[in-house]
Amino acid sequence: MNTALLDTFPELARQYGTPLWIYDAATIVERIEQLKAFDVIRFAQKACSNIHILKLMREQGVMVDAVSLGEIERALQAGYSPQGSPAGVVFTADLLDAATLARVTQADIEVNAGSIDMLEQIGQVKPGHRVWLRINPGFGHGHSAKTNTGGENSKHGIWHTELERALQVIQQYGLQLVGLHMHIGSGVDYSHLKQVCGAMVDTVKRLGCELEAISAGGGLSIPYKEGEQPIDAAHYFSIWDTARKEIAAHLGHAVRLEIEPGRFLVAEAGALLSEVRAVKDSGNNHFVLADAGFNDLMRPAMYGSYHAISLLPQVDSSGSASQRPTVVAGPLCESGDVFTQHDGGIVAPRLLPQARVGDYLVFHDTGAYGASMSSNYNSRPLLAEVMLEQGAHRLIRRRQTVAELIALETEV
Ligand code: LLP
């Protein structure tokens, strides 16, 4: 996010309260532009599923992916239509619960099947339904073992040697194959790209089936740390385009190339704004306690992920020039509620200017897998979300109240 925008944050904190999710629409539009060479950009909304973000995506010509009934309803609410080719919404999962099976077949939503059982279940209800096959090519990569979605330890996709059987099921039920899809993990650099594209080309040639499209999946990383290089989108496209051309030549007709990013489109557009509520020393550690916890931003606690943190001094900026090793933690009753972590270590102090109670902290690059992974742990309500657009700001989700949170139990 453009650092000049940080000047507006104290006012946003006063107007909407903290902690607060903030998104910059211009950054999202910029990232979309970088991927426009692909025929279809399909936003993996699990990264940030606010309906107003989805509307922005739709206005920019971006299609959407859904992984649950809730995400399907969000997409439809944002104005996406399942009809047409390419479809506005594609449902990607490894299983179908009964309610979702009913919804996708009733609303004609294309299904990207990660298991053969899904194909059978759809076929029994609705012959002719449009389906994709999500392939597990036998290898995967990710920023963490928890985000690697290929190889034999992954539950995702149809194992590459089972694809012939999947095609038989498609034929048996008269389903219509739209395309093949491969998403080998999240937070992948492009050093493995040729291997992925090669697996896609080989699979198409081996299966000898007809298809309209291939999907490159998502997974594109972003520079979370200073010095990390952003992905070269043009290079990324050119490698996939070469694979697509080889597939098109093999099939004798044009083939649509889709990409399905989540993080790349929204991570850098988002920030979490939080207020410092306590400052204390415990032995050698200097703790700064913020009002946001891992129930709000889970990534550091879950994966040891790094998010840059800036201090917005409100009380006394005289100490801002000198930095000291600081552990930034939250309010939850759990020792892992620490934002300055790294792989395997809970407390990894980071050099930050001296913070005081009443100052604000900004957690950067939290637009992806920030709000969408939040929970009500410790009975803390979900936060408000604000969008910055053309010099103005607007509330795109109001803060949940404690009354709403407990109503599920009191209203039974
Ligand atoms: N397509 C499929 C089928 C996926 O499973 C995912 C992510 C994506 C696309 C988008 O991946 P992306 O472009 O955002 O890397 N919570 C983790 C990330 C989990 C990703 C799950 N699937 C994190 O905070 O890093």
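Predicted model: local features only at pLDDT ≥ 70, side-chain atom pairs only at ≥ 80, totals over all residues.
The domain assignment divides the protein into domain 1 (36-260) and domain 2 (268-410), and UniProt lists K46 as a modified residue in an unreviewed entry.

**Domains**

- Taken over C-alpha atoms, the centres of domain 1 and domain 2 are separated by 33 Å.
- To the contact between them, domain 1 contributes 12 residues and domain 2 contributes 15 residues.
- On the side of domain 1 that touches domain 2, four residues are nonpolar, five are polar and three are charged.

**The annotated lysine, K46**

- The UniProt record, an unreviewed entry, gives K46 as "modified residue: N6-(pyridoxal phosphate)lysine".
- K46 is placed in the loop that connects β2 (40-44) with α3 (51-59).
- K46 counts as partly exposed because 19 other C-beta atoms lie within 10 Å, whereas a buried residue would need 20 or more.
- When neighbours within four places in sequence are left aside, the contacts of K46 are V67, E71, G262 and S372.

- Strand β4 (residues 89-93) is mostly covered, as five of its five residues are buried.
- In a regular strand, side chains alternate between the two faces of the sheet.
- Strand β3 (residues 63-66) runs parallel to β4, and three bridges join the two.
- Within this pairing, V64 has V89 of β4 as its bridge partner.
- Between β3 and β4 the chain passes through helix α4 (residues 69-77), forming a right-handed β-α-β crossover.
- β4 is also joined to strand β5 (residues 110-113), by four bridges, and these two strands likewise run parallel.
- A93 is found opposite A113 of β5.
- The chain passes from β4 to β5 by way of helix α5 (residues 98-106), and this β-α-β crossover is right-handed.

**Cis peptide bonds**

- Which form does the peptide bond from T18 to P19 take, cis or trans? The bond is cis, and its omega is near -10 degrees.
- P19 belongs to the loop between α1 (9-16) and β1 (20-24).
- The peptide bond from S85 to P86 is also cis, with omega near 0 degrees.
- P86 sits in the loop between α4 and β4, and β4 is the strand whose five residues are buried.

**Residues with positive phi**

- S379 is not a glycine, yet its phi is positive, at about 55 degrees.
- The position of S379 is in the loop between β16 (360-364) and β17 (384-389).
- S379 counts as exposed because it has 9 C-beta neighbours inside 10 Å, and the limit for an exposed residue is 12 or fewer.
- Is Q390 buried or exposed? Q390 counts as exposed, because 7 C-beta neighbours are found inside 10 Å.

Note on methods:
Residues numbered from 1 in each chain as written. UniProt positions renumbered as here; feature names shortened; annotations may be inferred. Contact = placed C-beta atoms within 7 Å. Domains from an automatic or database assignment. Nonpolar A, V, L, I, M, F, W, Y, C, P; charged D, E, K, R; others polar. Pairing = 2+ DSSP bridges. Right-handed = clockwise from strand over helix to strand, strands pointing away.
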